[in-house]
Amino acid sequence: MADDAEFAQMDDDWLDITALVREGARSLGSGEMIKPDSLSLLDAMTSVQVMDPRLDMGMLTTADLAEIALWDIDRPLTLSDTLWVANRLFCCEMTWHNSASLLQTIYTCNYYTDNLPTTIGSPTTGNRERDLVLYPLVVATGLCCRRVWDEYLRENVYSEEDVMLGSTVVKFFDDRFSLPDALGLLDVAQAYLETQEGVEADMLAAHVSMRRRWLRVLSSLFAEYLSEDPSALDRSMDELEALRQEHNAYRSTYSDHIGCAGAGVPGVFDAKCMRKFPSLAPIKPRDLLALGEAHAAMASLVSGLLLVRTMLGLESVESLVHFFQGVSRQGDLLPFVRSLLVSVFAGDGLVLLTQPVSEFVRRAISELGGHVGAGERVDLFCMEAARMLVDWFRTLCQNAPRQRRIALKYVAGWDSLQAEAEQLDIWIYSQHASEAEASDPNCNPFWFSSWVYHMKLVLMGGGLMTGVRLDVYLDYEFPMVFCYAAQIFEAHQLHLSRMLGMTSPMQPIDDRLWTRRRVSDTESKEQLERWLAIVAAQKDLATALWLVSHACERLGLFRAPWAKSKKSQLALAVWQKQETPSAQEARFALRFRAFSRLNSPTPLSFANWAATREQLDEHAIGDLFTHAARVLADAKAAMDQSRRRFGPGSEAFRDLYYVVVANSVALAKLPADVAGSPALAATGSQASVFREALLNGAVADAAGDVTKAKAKRDKKKRAARSDLAKSAREWQAHVDRLVSSDGLKVAWSTAAERHPDWPLFAFT
């Protein structure tokens, strides 16, 4: 009470200056401000964040003010005006799906932020195009965005990276319009447009029809709804397929009109609406997609959602692993698609809508020939392994940079899980055997730890090769990256061969573990052989690319950034410093630090890498290209044999086959005169010595320390250096002739539509 009295006493002493402040603000011109003398530039700069575009969001230019003044919610619209607004709103929606903010897209439309008229859908309205056509589309679009927003709130994708979650949801995104209300308004719009003539009416009718289908799909394609009514999936997918066909027909029929922006309706869209929501404004500015780009995004969105049916139709954990790895390589999948795949796969603690996550791991181990028993200890392990497996699948549905970061962090967790699985295998086997036999790999098949080790190797290989797709590695790093990859895939191949020797045909698994389909009766031996075929091809491909990249590096075609300048003494000194063994070892340790502390497989140390490189350097550079071509030919022959035995195989197998064939063809196109060049006749060791001599000579010339007095000392060493320098210059001349006269160029790219984790080399 004393505080209230004190506050009341203070309130009596206050002076209302609102009118004074408003009058002062009106008297200020653009760019002027009122400040006390005590306010310094330092105070002003520390109160704001420099280069933040939100600082300027409240500033309105003369053009902005003129545009805002043109907004009139009661403006009568023509069919042409309505079509323009509908197209622009569609562009806003698709831009939002492409990771923009609501404040940059949907909320720029004043029909959302202004008050609703009471005549929406009324046949007695005086503004028929607005109330009978445009507002039904606006309401339905809002409900579609609400459904997508609900999916985003499941947090399967990351805010500020994949989707902007810092925006409030208001107007048409709440429950003031239900699904039947929105569908009823669309029916009103369809009926009205049937009475109109002209291309604008036809295009708007198509808009209404596609919006109805899209709203129905989004209203039923959710994990909670599908788990209650699994048959809704087929209905949703059929509706989605019909939407795709209708949308393709629309793009084909009205292609000329899609490319035409139209005159536009002034004042309808407020590009600076963010000033109304300053605390929620996004940091990054975004431009709206053009109409053609928006339709392409819609086609991609629909195609991506059809993957849900593909996922739920898979018959094994193996196929699910390949499926999610394929999803991770599709860079054009929109955040909503990736989020929905995660929700349907592992929503509410269930895998594929009905299967408990622990049973998912039991199924995975059984498919690879393991026999999973029962018991509390086994159940606890299966729950922990299922959590890690599901988390990895979730990671594969994130954006590509996050995929790699998290995957490399997860490797350590799988390494710890493997140690736990080994103890579990020993404990299980010791129940009916001696302790010595339980610890003997020749007696104990180690089903649990074998599966964990298999998954860890899959994670390691995928995490390492994802760096190719993300351009993490520079050209000069390719030799050590592919050498390390070859070691991982070789370890994986040996492990799968061991598992293959211990498997027996898989026993039929209860159909209740899966939904809406019967379990395949494929034997675990065949599944392991398919895995083995893929891993063996990966090992051969990594080995061939290692040989090719090592040869290119020795020729100087792949150079580090510091090796591309020979002008200044400082640059040459840095180059010389970076070529020391200690600097190379530091770069090696930094690149593969995620694998250096693993218990298995044995990490490739820098010393082993250097020794392996020295073995390659004993061969002529041209022989490395020849041997790489032979390795790829053997890999293709082995994959052809697998195709004849198992059929075309999975999409992952087919994409890998494409990369093997493409690189084989590239090596076969290496010109004959290039292959016979003296530059390629030199061994890698000679090339390394030549390059070091050229570098030392360049450093000496830049330093100017070649004096007559120094030249007279030690004539034998001087003569040796002279002969070496001469040979080095001759060899470099042959290399330069290959690049300039013979036109040898080596380039690499990735096949985004095939397998972007592997490079495709091209020799011209």
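I began with the exposure of Ser99, which counts as partly exposed at 21% relative accessibility. I note that the model is a predicted one.

I then looked up the backbone of Ser99. Its phi is near 75°, a positive value in a residue other than glycine. I located Ser99 in the loop between α5 (79-97) and α6 (110-113).

Next I turned to Glu155. Glu155 is not a glycine, yet its phi is positive, at about 60°. I found Glu155 in the loop between α7 (128-152) and α8 (179-193). With 65% relative accessibility, Glu155 counts as exposed.

I recorded the background to these entries: most residues other than glycine have a negative phi, and most peptide bonds are trans.

I then examined the peptide bond between Ser600 and Pro601, which is cis, with omega about -10°. Pro601 sits in the loop between α25 (581-591) and α26 (606-617).

I listed 33 helices and 4 strands. Of the 764 residues in the protein, 49% are buried. For contacts with a separation of 6 or more, I noted that 79% involve residues 24 or more positions apart. The accessible surface comes to about 36,500 Å², and carbon and sulfur atoms hold 53% of that surface.

Methods. Residues are numbered from 1 along each chain as its sequence is written. This is a predicted model: local features need pLDDT of at least 70, side-chain atom pairs count only at pLDDT 80 or more; totals for chains, interfaces and linings use all residues. Side-chain values use heavy atoms; hydrogens and water are left out. Helices (H or I, at least four residues) and strands (E, at least two) are DSSP runs, numbered from the N terminus. Buried means under 20% relative accessible area, exposed over 50%, partly exposed in between (1.4 Å probe, protein chains only). Contact means heavy atoms within 4.5 Å. Accessible areas come from the Shrake-Rupley method with a 1.4 Å probe; for residues, only the protein chains shown count as cover.
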